[in-house]
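Subject: Structure handover

Hello,

Here is the structure you are taking over. My notes on it follow.

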Amino acid sequence: MNTTPPAPRGSQCASVPRDRTETDAAATGWALAARAGDREAADAFVRALHRDVVRYVAHLSADPQAAEDLAQDTFLRALRTLHRFEGRSSARTWLLTIARRAVVDDFRRTAARPLLADTDDWRATVERAQPTGLPGFEEGVALQELLAALPYDRRQAFVLTQLLGLSYAEAARAADCPVGTVRSRVARARTALTAQLESGEAEALAPAA
């Protein structure tokens, strides 16, 4: 099932605002309208937040290649439980909370699967399958590798606030932890990423033996 719908025709939902605040307000409005049975609003809700969900789960998942599947799972869960959404937080914050649960469930399923002795390391397999020669490819791979080295909770806080643009309060709701904890995790993630970058630069500039 493809949860990325085409733009609704003949509807006020047809355009998605570019400003983040406007987008969040519009997405929340669409979620509430979808809760009341508006199918075009449901389509607009998915379209408005699909990219954020894909980016979020791609950075958190043990298998970045499964991001689309996890995003689809997230939206299916959200649409099934839309009757519970009351608009107390933005629809984006609510949806990313569901995405976090989808990723955690995926971790558990992966851990429960038996490993095949004749299978190559999955990370190496994923790297070989990645397309190359695309604009920004090297930078994206480098960021993915740096973030992968962070503990899960710090990576989550960093992605929510620094890549997806959530406020610390919104990130705290999405991660189900205090605001102070999010601030601490982001600060530690920044420190670790900076140290990794500096270490990599020093190694690259070191004279050959």
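Helices are DSSP runs of H or I with at least four residues, numbered from the N terminus, and the expected span of a helix is 1.5 Å times one less than its number of residues. This is a predicted model, in which local features need pLDDT of at least 70, side-chain atom pairs count only at pLDDT 80 or more, and totals for chains, interfaces and linings use all residues. Residues are numbered from 1 along each chain as its sequence is written, and side-chain values use heavy atoms, with hydrogens and water left out.

Just after α7, Gly-165 has a positive phi of about 80°.

Leu-160 is also among the residues with the most contacts inside the largest nonpolar core, which has 50 residues. Such a core is a set of buried Ala, Val, Leu, Ile, Met, Phe, Trp, Tyr and Cys residues joined through side-chain atoms within 4.5 Å. The most residues in this core, 13, come from α2. Leu-49, another of the residues with the most contacts there, touches (heavy atoms within 4.5 Å) Ala-27, Phe-75, Ala-91, Arg-92 and Leu-95, leaving out residues up to four places away in sequence.

Ser-90 lies in the loop between α3 and α4. Ser-90 counts as buried because its relative accessibility is 12%.

Regards

Technical notes:
Helices (H or I, at least four residues) and strands (E, at least two) are DSSP runs, numbered from the N terminus. Buried means under 20% relative accessible area, exposed over 50%, partly exposed in between (1.4 Å probe, protein chains only).
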